[in-house]
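Work through the exercises below with the model open beside you. Each task is followed by its solution in steps.

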Amino acid sequence: INVVNKDGVKQWDYTERNFESIYIKSLAIGDSDFIVAGVKGTGSDRRMFASKLNSAGELVWNAFVETDFEVKTADMVKVNDTTVIIYGLAGNGIYYSTVSSSGNILNQQLLSTNNEPSMNTQSRIVQVSQNEYVGIYTYDNSNFAMVNFTLPTSGCTDQYADNYNSNATA
């Protein structure tokens with residue numbers, strides 16, 4: 001990653017050297033930090049990861065999404081100022097993980113699909129409402145499909161708790 005100012009002058013650069021990786025996307029988070037999403041590993045060992053870099057280009061943390069199967073990172077979107085969704089392709093569906101700005105994996109889920117995603121094609125995630133997302137992926141290398149999902153709502157289902165949320169899931 002190379003960061004330049006508006007005049008094109010290089011401010012800093014960062015290269016991940018601790019593991020084999022491919023950069024997919026970066027987003028600003030907080031006042032001046034970045035979260036970078038990418039693919040860790042190759043072939044059947046591919047997994048999703050996120051890294052946070054501060055405004056000086058220093059690594060703050062790495063978060064690895066561990067699975068028992070290959071997942072290729074395809075996209076990332078902001079949920080809010082402190083959380084992102086990393087979206088990826090798996091041989092048996094679509095996979096997503098939410099990651100906090102402190103590097104915690106908040107939740108992750110495999111979404112089964114009727115058509116096996118093509119692993120070597122582009123795929124994107126789109127936010128369609130406050131808590132609803134659509135993943136768009138290619139299958140058979142020439143057709144595309146969409147999968148719709150909502151994120152779990154945090155909070156407690158006990159109405160007497162301080163963090164009660166009527167939309168929370170148990």
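In what order do the elements of the protein chain run from the N terminus on? They run β-β-β-β-β-β-β-β-β-β-β-β-β. The count is 0 helices and 13 strands. Helices (H or I, at least four residues) and strands (E, at least two) are DSSP runs, numbered from the N terminus.

Two ground rules apply throughout. This is a predicted model, in which local features need pLDDT of at least 70 and side-chain atom pairs count only at pLDDT 80 or more, while totals for chains, interfaces and linings use all residues. Residues are numbered from 1 along each chain as its sequence is written, and side-chain values use heavy atoms, with hydrogens and water left out.

**Exercise 1. Chain totals**

Task: state the buried share, the accessible surface and the contact range of the protein chain.

Step 1. Of the 170 residues, 42% count as buried. Buried means under 20% relative accessible area, exposed over 50%, and partly exposed in between (1.4 Å probe, protein chains only).

Step 2. The accessible surface is about 9,600 Å², and carbon and sulfur atoms hold 43% of that surface. Such areas come from the Shrake-Rupley method with a 1.4 Å probe; for residues, only the protein chains shown count as cover.

Step 3. Take the contacts with a separation of 6 or more: residues 24 or more positions apart account for 36% of them. Contact means heavy atoms within 4.5 Å.

**Exercise 2. The second largest pocket**

Task: give the volume of this pocket and describe its lining.

Step 1. The volume is about 160 Å³. Grid points are joined across faces, edges and corners, and a volume is the space filled by probe spheres set on the points. On a 1 Å grid over the protein atoms alone, a pocket is an open set of points where a 1.4 Å probe fits, with protein on both sides within 12 Å along at least five of seven lines; lining residues have an atom within 4 Å of a point.

Step 2. List the lining: Ile 1, Tyr 14, Glu 16, Ser 21, Ile 22, Tyr 23, Val 36, Ala 37, Gly 38, Phe 49, Ser 51 and Leu 53. The elements giving two or more residues to this lining are β3 (21–29), β4 (33–40) and β5 (47–53).

Step 3. Sort the lining by class: 8 nonpolar, 3 polar and 1 charged. Ala, Val, Leu, Ile, Met, Phe, Trp, Tyr, Cys and Pro count as nonpolar, Asp, Glu, Lys and Arg as charged, and the others, Gly among them, as polar.

**Exercise 3. Ala 37 and Thr 73**

Task: is each residue buried or exposed, and what does each one touch?

Step 1. Ala 37 is in strand β4. Ala 37 is buried, because its relative accessible area is 0%.

Step 2. Not counting residues up to four places away in sequence, Ala 37 touches Ile 22, Tyr 23, Ile 24, Lys 25, Phe 49, Ala 50, Thr 73, Met 76 and Ile 86.

Step 3. Thr 73 lies in strand β7 (residues 71–80). Its relative accessibility is 1%, so Thr 73 counts as buried.

Step 4. Leaving aside neighbours within four places in sequence, the contacts of Thr 73 include Ala 37, Gly 38, Phe 49 and Ile 86. The Thr 73 side chain reaches the backbone oxygen of Gly 38 at 2.5 Å.

**Exercise 4. Arg 46 and Val 128**

Task: place each residue and give its accessibility class.

Step 1. Arg 46 sits in the loop between β4 and β5. Arg 46 counts as buried, because its relative accessibility is 15%. Its contacts beyond four places in sequence include Glu 70, Met 119 and Asn 120.

Step 2. Val 128 is in strand β11 (residues 124–129). At 47% relative accessibility, Val 128 counts as partly exposed. Not counting residues up to four places away in sequence, Val 128 touches Tyr 133 and Val 134.

Conventions. Polar contact = N/O pair within 3.5 Å; in protein donor to acceptor, adjacent residues only side chain to side chain.
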